[in-house]
Amino acid sequence: MKRSLYYLETDSPFFDVKGLKKVILRIQYRSPLIDRKIRDSTIEDFVYADSIGVLSEVNMILPTVNQQIVLFEQDKSTKNILVKQLTQLELDLALTYDGLHDMIQTASDVERRLKTELTFLIWGLIATILVVVSALLFALIRLYQHKEILIIQNNRDHLTQLPNRRFITEKAQTALLNRPKKIGFAILDLDFFKKINDLYGHPAGDEVLKVIANILKHSISAPSFVARLGGEEFCILFLDKTQNEAIKICEEIRQTVEQTKIKVNNSALIHITLSTGLYHHEGERQTTFSQIYQHADQALYLAKKQGRNKLVLHDNNLEF
């Protein structure tokens with residue numbers, strides 16, 4: 001538009017009336033489109049009010065400009081009138097362009113600022129969520145660890161660090177539910193343990209219990225279990241062991257204890273023995289932990305009655 005106006009004013013040989021008509025035609029076509037897009041935008045009405053007003057004026061003078069172009073083709077003396085109209089049209093379009101440019105630039109700046117703020121807000125939210133999730137995860141881990149510690153504490157004897165009666169009871173009940181083909185249960189009781197406490201004191205008795213527990217711990221391997229029932233009583237749950245294997249292990253433990261010299265009170269060396277009652281069966285059968293415990297306890301009673309420092313097998317009451 002500006003170029004056509006310049007060629008017209010300077011009587012340039014490059015001036016083309018047809019080209020000017022095409023420019024006016026494009027303005028007529030694009031002006032409503034621009035107007036509609038502005039009105040459909042999310043920008044407040046007052047922001048683009050001036051631009052809409054200028055576009056309306058442009059639309060109003062376009063028919064007059066077209067008529068003046070036709071007159072100019074017929075009479076070149078109307079050039080000044082056409083130049084004046086085109087100058088006004090070009091000025092209005094320039095003002096509209098500047099206004100729209102500023103409006104778009106402002107909107108873009110606002111959008112960029114909002115996007116930046118939104119980005120920071122999203123990252124802040126993500127960071128907050130990560131912190132909260134991390135804190136919850138840490139708390140859950142601590143709770144789980146605390147739970148595991150409590151489970152261990154509830155199932156472990158504090159003096160000997162062996163599993164306690166509760167632990168061995170649960171393990172035996174679980175094993176018996178599957179009706180194992182081979183299972184054995186031995187109760188081991190220290191002989192005349194009360195005399196040690198009476199002669200050397202309870203700390204000496206505790207030291208003896210720790211030594212015996214250590215012997216048992218190193219004599220039993222998985223899947224079998226060893227535990228302290230309480231006082232001077234210990235037990236062994238044999239899993240996947242034949243009767244002869246269980247007898248051999250119990251007898252080796254008895255002999256090791258008999259041959260061990262235990263130092264107490266930093267000076268005295270004492271000997272102690274133990275009696276063992278063993279129950280064992282092979283082949284699937286319906287039984288409970290209380291039953292196998294009772295059988296092993298009956299065998300232990302016989303071992304004590306027959307002189308102590310003995311292993312007695314339940315049912316046939318064999319001595320070893």
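**Entry 1: a helix pair.** I began with α7 and α8, whose crossing is right-handed. For handedness I call a crossing left-handed if the near helix is turned anticlockwise from the far one by less than a right angle, and right-handed if clockwise. The residues that make the contact are I212, I215, L216 and S219 on α7, and I249, I253, T256 and V257 on α8. Contact here means heavy atoms within 4.5 Å. I sorted these residues by type and found six nonpolar, two polar and no charged. The classes take Ala, Val, Leu, Ile, Met, Phe, Trp, Tyr, Cys and Pro as nonpolar, Asp, Glu, Lys and Arg as charged, and the others, Gly among them, as polar. Two packed helices are described by the angle between their axes and the distance between the axes. For α7 and α8, the axes come within 11 Å and cross at roughly 145°. Axes are lines fitted to C-alpha atoms, for helices over the stretch in contact, and angles run from 0 to 180 degrees between N-to-C directions.

**Entry 2: ground rules.** I remind myself that this is a predicted model, in which local features need pLDDT of at least 70 and side-chain atom pairs count only at pLDDT 80 or more, while totals for chains, interfaces and linings use all residues. Residues are numbered from 1 along each chain as its sequence is written, and side-chain values use heavy atoms, with hydrogens and water left out.

**Entry 3: the whole chain.** I counted nine helices and seven strands in the protein chain. Helices (H or I, at least four residues) and strands (E, at least two) are DSSP runs, numbered from the N terminus. Of the 320 residues, 37% count as buried. Buried means under 20% relative accessible area, exposed over 50%, and partly exposed in between (1.4 Å probe, protein chains only). Among contacts between residues at least 6 apart in sequence, 66% join residues at least 24 apart.

**Entry 4: the sheet.** What is the order of the five strands in the open sheet? I read it as β2-β3-β1-β6-β7, with mixed pairing. β2 (225–230) and β7 (311–313) stand at the edges with a single partner strand each, so one side of each has no neighbour in the sheet. Neighbouring strands are turned by 20° against each other on average, direction ignored. Strands pair if DSSP finds at least two bridges between them.

I then went through the pairings. β2 and β3 (residues 233–239) run antiparallel and are joined by five bridges; V226 has I236 of β3 as its bridge partner. Helix α7 (residues 202–219) packs on the sheet, touching β1 (182–190), β2 and β3, and its direction makes about 10° with that of β3. Helix α8 (residues 243–259) also packs on the sheet and touches β1, β3, β6 and β7; its direction makes about 170° with that of β6.

β1 has eight of its nine residues buried. Seven bridges join β1 to β3, antiparallel, with I187 bridged to C235 of β3. Nine bridges join β1 to β6, also antiparallel, and K182 pairs with E282 of β6.

**Entry 5: H280.** Is H280 buried or exposed? H280 is buried, at a relative accessible area of 7%, and sits in strand β6 (residues 274–282). Its side chain reaches the backbone oxygen of K241 at 2.7 Å, and a polar atom of that side chain lies 3.4 Å from the backbone nitrogen of Q243. A polar contact is a pair of N or O atoms within 3.5 Å; within protein, one must be able to donate a hydrogen and the other to accept it, and residues adjacent in sequence count only if both atoms are side-chain atoms. Leaving aside neighbours within four places in sequence, H280 also has I183, G184, T242 and A246 among its contacts.

Entry 6: Most residues other than glycine have a negative phi, and most peptide bonds are trans. I noted a cis peptide bond from A222 to P223, with omega near 10°; P223 lies in the loop between α7 and β2. Q161 is not a glycine, yet has a positive phi of about 65°. Q161 is in the loop between α4 (79–154) and α5 (165–177) and is partly exposed at 40% relative accessibility. N265, not a glycine either, has a positive phi of about 55°.
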